[in-house]
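User: I'm new to this one and would like to learn how to read it. Could you walk me through a feature or two?

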Amino acid sequence: MEAVAVAAAVGVLLLAGAGGAAGDEAREAAAVRALVARLLGPGPAADFSVSVERALAAKPGLDTYSLGGGGAARVRVRGSTGVAAAAGLHRYLRDFCGCHVAWSGSQLRLPRPLPAVPGELTEATPNRASAGPPEKRKEDAYRAVLLYRYYQNVCTQSYSFVWWDWARWEREIDWMALNGINLALAWSGQEAIWQRVYLALGLTQAEINEFFTGPAFLAWGRMGNLHTWDGPLPPSWHIKQLYLQHRVLDQMRSFGMTPVLPAFAGHVPEAVTRVFPQVNVTKMGSWGHFNCSYSCSFLLAPEDPIFPIIGSLFLRELIKEFGTDHIYGADTFNEMQPPSSEPSYLAAATTAVYEAMTAVDTEAVWLLQGWLFQHQPQFWGPAQIRAVLGAVPRGRLLVLDLFAESQPVYTRTASFQGQPFIWCMLHNFGGNHGLFGALEAVNGGPEAARLFPNSTMVGTGMAPEGISQNEVVYSLMAELGWRKDPVPDLAAWVTSFAARRYGVSHPDAGAAWRLLLRSVYNCSGEACRGHNRSPLVRRPSLQMNTSIWYNRSDVFEAWRLLLTSAPSLATSPAFRYDLLDLTRQAVQELVSLYYEEARSAYLSKELASLLRAGGVLAYELLPALDEVLASDSRFLLGSWLEQARAAAVSEAEADFYEQNSRYQLTLWGPEGNILDYANKQLAGLVANYYTPRWRLFLEALVDSVAQGIPFQQHQFDKNVFQLEQAFVLSKQRYPSQPRGDTVDLAKKIFLKYYPRWVAGSW
């Protein structure tokens, strides 16, 4: 790859999205000052002086912050952008005050007086290192800036954000700014814009209603995977989402972030064929075990004259409503095999999407999720990948290497054929609970991508399908966006992470975290997926896989150590969250062990052993798990469902939203099409969904042994589906307030089961 070509690609991005105008400095500084007041309160906020000065950056796009003062003076925080200033504030709170900002609750006890910053601390985002000789490094200097710290996955919008109000969005944007995020999806409200476009094209309201999915499944409607399922969208949804999108965009822009807006990817409602009988469309294949009632989307042929009309109508209406920052997301073939593998077709399809953008916005840059190349490698050979990547001018296609911590694509595509890319950590699928991470791979991945020959890496990113779990992983990834090198000692890093998180250093808590680092957070190789497949949260069968990549002893010993530190740390909300999360993980391990015992007893036809193991699993262990989960509002099904109900404007609408949420957590589709993909371990869900399934399964095994007849998995699946469907359709309400004490309940489970683990009496 010629260095000059790569430089040109990055230069386009510099022009398109990096950095704001000098006139925005005052607005961005005001946004950070408001963040400080929200975060710390108006009194402590007065101890901080915040300014935004573009001149701090040595070159365009090189986000920079500077810290000074403290002690007897105000703490000075300066940034080249609002995001840089917010990241500088976070650095001061983290490294000088020992504070911690988190989804599960922040620890913000400021020492008095505020610690002084020795001299002036200045930090800039890292450059992409050149592996060449000195003369080549000089040539590369122009293109060496890593522009972006990206955030979100299209699926995050449905798995985590779907029911959020403005107050919750404001907290998230504050978290984004503090963690240095400057590029993020902003996709709310787009269905309202599509509705306008389709009405203008002659579709009826009924046809449009039939096309849109329900709120909890919009991510897959937006990518063309689904239509219709669990819809339609109420009129109030469109109104509220438009309002929300305006506030989200205003807040992101006030920090100097670049919001990514949606664009037309080529999928259309079937009703377009009624309005335009001669239209050239292809009916795609089914997706996710759905039949064509809900999938098999209609894809416009790239050469059809209606393609640029629909694409430009949508983008023009979108920009009229929301303005633009010139970066747009669109995914035409997400988890769907294109109609043809011919490079000419793939190039034409890509060109059609891009030209529909540039017809409206000549500065458009297309943000593409690179998941398609990773998900279907048997289809996407070198010629097919080249066709897509080469159809857009270099620098106008910004690719997310979405799963780079596990299966990077840049290494087998010559840095995406010269198109700029962002090294992303996906980490979580479906918003599952379950301790998981690949911290070694995450720690070294960005540096390896920067050092890759002729690298076109232009940033780092966090792209989870669901958030609010495994916060240690996201803290590390956010820090790496500002580091020039990997963290040299991860064991020391997690020890200090625990001290900041709990507000005090404790030797047992630190030791617990080091055990977790070498076990659940040390996943490596092809087995790493970030998707919880524990028997606890899967429909039971005799073929369940209980294999894990770590030593269970480390989890149980970490559990013991965290409980040992409870007398000193129990006043910390983050500690109580972590203790519950680790207790939940330990119970998950115990479920696997008792399942293995029950399965062995069944296969050996030992009825007494089957009754003993099955009885403990279904009648002691799972109820104990539900009880401890109920002690924390962050693990309540009631809290989850109340978010959905609160988004409604009527009782009927609230019932509809709640059913959407219940479907997503469990069956996902009407027939269990993507069963348990978005599993969570929540009080109420364990008691009324997972536990009844396990009891039915174990009763079927007992009947099989007692009567001397084979267990029939097919019949069990039919029977258990009735339980699963009954849960989805149920109107039962669940508490949204916690009950019981987490520490006491965790200790109760520990004292009952830990001795059995130590004794090996399974």
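**A buried arginine and a helix pair**

Analyst: Let's start with arginine 584, which is buried, at a relative accessible area of 0%; buried means under 20% relative accessible area with a 1.4 Å probe, protein chains only. This is a predicted model, where local features need pLDDT of at least 70, side-chain atom pairs count only at pLDDT 80 or more, and totals for chains, interfaces and linings use all residues. Residues are numbered from 1 along each chain as its sequence is written, and side-chain values use heavy atoms, leaving out hydrogens and water.

User: Where is the place of arginine 584, and what does its side chain make a polar contact with?

Analyst: Arginine 584 sits in helix 24 (residues 573–603); helices are DSSP runs (H or I, at least four residues), numbered from the N terminus. Its side chain makes a polar contact with that of aspartate 581, at 2.9 Å.

User: At what angle do helix 14 and helix 16 pack?

Analyst: Axes are lines fitted to C-alpha atoms, for helices over the stretch in contact, and angles run from 0 to 180 degrees between N-to-C directions. Here the angle is about 25 degrees, with the axes 8 Å apart. Helix 14 and helix 16 are therefore roughly parallel, a label for angles under 35 degrees.

Notes: Helices (H or I, at least four residues) and strands (E, at least two) are DSSP runs, numbered from the N terminus. Buried means under 20% relative accessible area, exposed over 50%, partly exposed in between (1.4 Å probe, protein chains only). A polar contact is a pair of N or O atoms within 3.5 Å; within protein, one must be able to donate a hydrogen and the other to accept it, and residues adjacent in sequence count only if both atoms are side-chain atoms. Angles under 35 degrees count as roughly parallel, over 145 as roughly antiparallel, 65 to 115 as roughly perpendicular and the rest as oblique.
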